[in-house]
Amino acid sequence: TGYPWHGRVTVEVVEAPDRPWKLSLRVPRWCRSAVLTGPGGERPRAVGAGYAELTRPWKAGDTAVLELDLPVRVTEPDPRVDAVRGCVAAERGPLVYCLESADLPPGSQLEDLRWDRRREPAAVPRPDIGDDVIGITVPVVRRPAGGPGTAEAGPADLWAGAVPYFAWANRGAGAMRVWIPR
């Protein structure tokens with residue numbers, strides 16, 4: 001498997017009883033859709049959050065493939081948490097992402113960037129972080145220099161790279177933020 005970078009999970013049966021039994025694979029709540037394909041060309045089954053299940057007589061060498069959708073998600077905080085109200089976070093699959101100084105647009109400070117809700121984030125390969133690592137490009141704008149009610153400063157097409165939270169601080173000291181103001 002390449003999980004969590006890729007959503008394909010292959011399970012191989014190494015030993016099985018002589019009677020049918022149920023293979024149950026968990027489909028996380030964040031997954032919008034999943035498809036479970038059984039051995040021998042068994043028709044794929046689309047499933048939602050919960051469990052993907054196949055009941056059949058299994059034998060050693062049989063495989064089942066679970067394909068999990070891994071969309072980039074923009075997560076809103078609980079509105080009761082004052083510290084992050086008005087912010088969003090980026091997630092993909094089971095991972096939470098963060099912005100780091102090392103991945104900001106030239107001339108930008110982390111404190112001056114806001115999430116640009118007019119554009120969508122996207123998953124991108126990040127070989128600079130590790131083999132098969134997937135990052136997220138986050139659409140940002142610079143905070144207006146004159147305060148609220150003034151025009152946005154700088155180009156409107158800025159992007160910042162987000163890395164998985166577990167991987168931050170591996171490229172030197174710098175600022176980091178999970179919750180990004182809108």
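In the predicted model, Val-35 faces Ala-46 of strand 4. The two strands concerned, strand 3 (residues 34-37) and strand 4, are joined by three bridges in the antiparallel sense. This pair belongs to an open sheet of four strands, arranged in the order 1-6-3-4 with antiparallel pairing. Strand 1 (8-12) and strand 4 (45-47) form the edges of the sheet, each pairing on one side only. On average, and with direction ignored, neighbouring strands of this sheet are turned by 20° against each other. In general, the strands of a sheet pair through backbone hydrogen bonds, in either a parallel or an antiparallel arrangement. In the segment before strand 1 lies Pro-4, and the peptide bond leading from Tyr-3 to Pro-4 is cis, with omega near 15°.

The protein as a whole contains 15 strands and zero helices. Its radius of gyration is 21 Å, whereas a compact globule of 182 residues would have a value near 16 Å. Along the principal axes, the C-alpha atoms fill a box of roughly 75 × 35 × 25 Å. Of the 182 residues, 40% are buried. Among contacts between residues at least 6 apart in sequence, 66% join residues at least 24 apart.

The largest nonpolar core comprises 20 residues, of which Tyr-97, Leu-99, Ile-136 and Val-138 touch the most other members. At least two residues of this core are supplied by each of strand 8 (87-92), strand 9, strand 10 (113-115), strand 12 (134-142) and strand 13 (153-164). Strand 12 provides the largest share, with four residues. Apart from this core lies another, of 15 residues, with Val-13, Val-27, Cys-31 and Leu-70 among them. When residues up to four places away in sequence are not counted, Val-138 touches Leu-99, Trp-115, Leu-158, Trp-159, Ala-160, Ala-162 and Ile-180.

Glu-100 is located in strand 9 (residues 95-100). Because its relative accessible area is 5%, under the 20% limit, Glu-100 is classed as buried. The side chain of Glu-100 makes a polar contact of 2.8 Å with the side chain of Arg-171. With neighbours within four places in sequence left aside, the residues in contact with Glu-100 are Gly-161, Val-163, Trp-168, Ala-169, Asn-170, Arg-171, Ala-175 and Met-176. One of these, Ala-169, is placed in the loop between strand 13 and strand 14 (176-177). Phi of Ala-169 is near 70°, a positive value in a residue other than glycine. With a relative accessible area of 41%, Ala-169 is partly exposed.

A positive phi in a non-glycine residue is also found at Asp-132, where the angle is near 65°. Asp-132 occupies the loop between strand 11 and strand 12. This residue counts as exposed because its relative accessibility of 54% is over 50%. Strand 11 (residues 122-125) includes Pro-125, which is likewise exposed, with a relative accessible area of 62%. Apart from neighbours within four places in sequence, Pro-125 is in contact with Val-133 and Ile-134. Pro-125 and Val-163 are 38 residues apart along the chain, and their C-alpha atoms are separated by 10 Å.

Key. Residues are numbered from 1 along each chain as its sequence is written. This is a predicted model: local features need pLDDT of at least 70, side-chain atom pairs count only at pLDDT 80 or more; totals for chains, interfaces and linings use all residues. Side-chain values use heavy atoms; hydrogens and water are left out. Buried means under 20% relative accessible area, exposed over 50%, partly exposed in between (1.4 Å probe, protein chains only). A polar contact is a pair of N or O atoms within 3.5 Å; within protein, one must be able to donate a hydrogen and the other to accept it, and residues adjacent in sequence count only if both atoms are side-chain atoms. Contact means heavy atoms within 4.5 Å. A nonpolar core is a set of buried Ala, Val, Leu, Ile, Met, Phe, Trp, Tyr and Cys residues joined through side-chain atoms within 4.5 Å. Two strands pair if DSSP finds at least two bridges between them. Axes are lines fitted to C-alpha atoms, for helices over the stretch in contact, and angles run from 0 to 180 degrees between N-to-C directions. The radius of gyration is taken over C-alpha atoms; the globule rule is 2.2 Å times the number of residues to the power 0.38.
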